[in-house]
Amino acid sequence: MPMQMKMSVEERFRKKVTSIARKNDFCRILMLPLLFAGLFWFHGIAYLKGNVKRFSMLIMTCLLFTVYSSFSFPMFISGDGTSLDMNDVSEEAQDIVLAEEIRIDPEELKRIEDETEVDEDWLLTVHGTDIETKYSAADILESTQPNGAGEGRVADGEEAEFSQDDWKLILINSRHSIPDDYEFPQGDIHTMKGTMHCDARIIDDLLDMLRAAKEQGITLQICSPYRDEAYQEHLFDQKIKKYMSRGMSYMEAYRLGSQVVNVPGASEHQLGLALDIVMDTYTGLDEGFADTEGGKWLAQNSYKYGFILRYPEGKEYITGISYEPWHFRYVGVDAATVITERGITLEEFWEEL
Ligand SMILES: [Zn+2]
């Protein structure tokens with residue numbers, strides 16, 4: 001009986017529609033989709049009535065999907081990872097939607113490991129003003145007593161033996177992070193601008209180098225000698241935040257961020273063995289430093305004092321870091337001599353050990 005009832009309703013509907021269509025030519029075109037919609041309605045309902053279980057499963061699935069997807073978007077992670085600000089959420093949600101439309105300028109991405117765009121407040125609360133201070137060589141040399149000849153030391157040559165366990169040769173990059181238990185004797189160089197920190201064992205050679213440069217009329221400046229992990233994390237977060245604000249997803253931002261800022265735990269600055277060196281007259285951390293007097297002098301002479309240009313041009317595929325003519329790493333005079341003379345990177349040197 002109900003089956004018959006349904007058929008008759010459907011039939012009545014069909015008759016009505018076709019009769020309207022017959023009376024009026026214009027209506028005929030409109031009635032065609034209506035007829036289809038009607039047929040679909042009747043048959044769809046009939047199907048679902050016969051499959052109540054299937055129908056309720058469909059509804060539940062849709063419901064679950066809606067609820068689940070509204071919680072699974074990464075937009076709930078706010079920029080600094082601590083607070084959940086609704087304004088942030090909606091902003092980032094917009095960025096994520098726009099991800100494919102924004103073109104990223106490759107020049108911008110070529111930025112450097114050491115680019116620091118940190119808010120002053122953070123620096124003051126966490127580190128004092130120390131980290132961003134640039135220490136002038138003149139200042140440093142004035143406040144310390146001369147110790148060596150200032151000429152650099154001569155390498156032992158082929159007799160020198162190297163080991164991967166040597167503290168001077170520790171390799172840190174995106175594949176080798178700093179061991180959790182790594183410790184070094186912290187050395188302080190007191191200057192008028194404050195105290196500069198680095199590994200105490202490199203200070204003598206560093207002073208010799210600064211003195212030798214000064215004798216050539218080149219006044220160097222040292223910046224960000226030592227960074228702790230918290231600071232490195234902060235730099236990294238800043239970078240990711242910046243990329244995400246330009247429309248990248250978190251994963252894209254992380255991948256690019258790790259090319260320009262070392263992932264926390266992978267920066268040599270945390271070892272106290274790396275120094276960013278610029279000049280009094282050229283303080284920018286950019287490739288232009290290579291063409292300055294100081295940049296040229298360091299590239300040619302730093303090895304005599306145990307320092308290597310850690311991220312050379314054309315070796316980016318090995319180091320994983322863009323060319324940084326200002327970033328010098330202490331490896332000791334013997335290793336620095338071999339590395340510089342052969343024009344290799346610390347990675348390549350290390351592989352041979
Ligand atoms: Zn550096």
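Visitor: Where is the place of His-43?
Guide: His-43 sits in helix α2, residues 25-50. Helices here are DSSP runs of H or I, at least four residues, and strands are runs of E, at least two, numbered from the N terminus. This is a predicted model: local features need pLDDT of at least 70, side-chain atom pairs count only at pLDDT 80 or more, and totals for chains, interfaces and linings use all residues. Residues are numbered from 1 along each chain as its sequence is written.

Visitor: Does His-43 count as buried or exposed?
Guide: Exposed, because His-43 has 12 C-beta neighbours inside 10 Å. A residue is buried with 20 or more other C-beta atoms within 10 Å of its own, exposed with 12 or fewer, and partly exposed in between; C-beta atoms are placed from the backbone.

Visitor: And how far is His-43 from Glu-10?
Guide: Their C-alpha atoms are separated by 9.2 Å, with the two residues 33 apart along the chain.

Visitor: Switching to Arg-201. Which loop holds Arg-201?
Guide: The loop between β3 (194-199) and α8 (203-215). Arg-201 counts as partly exposed, because it has 17 C-beta neighbours inside 10 Å. Arg-201 and Lys-168 are 33 residues apart in sequence, and 9.3 Å apart C-alpha to C-alpha.

Visitor: At what angle do α9 and α10 cross?
Guide: Roughly 130°, with the axes of α9 (residues 229-245) and α10 (residues 250-260) coming within 9 Å. Axes are lines fitted to C-alpha atoms, for helices over the stretch in contact, and angles run from 0 to 180 degrees between N-to-C directions. The pair is therefore oblique. Under 35 degrees is roughly parallel, over 145 roughly antiparallel, 65 to 115 roughly perpendicular, and the rest oblique.

Visitor: Which residues meet there?
Guide: From α9, Phe-236, Lys-239, Ile-240, Tyr-243 and Met-244. From α10, Tyr-250, Ala-253, Tyr-254, Leu-256, Gly-257 and Val-260.

Visitor: Now α11. Which residues are buried in α11?
Guide: Gly-294, Gly-295 and Leu-298, in a helix of residues 293-301. They cover an arc of only 100° around the axis, so they are on the same side of α11. The arc is that of the directions from the helix axis to the C-beta atoms.

Visitor: What do the buried residues of α11 pack against?
Guide: Strands β4 (220-223), β5 (274-279) and β7 (324-330).

Visitor: Last one. How many helices and strands are in the chain?
Guide: 14 helices and seven strands. Of the 353 residues, 29% count as buried.

How values were computed. Two residues are in contact if their C-beta atoms, placed from the backbone, lie within 7 Å.
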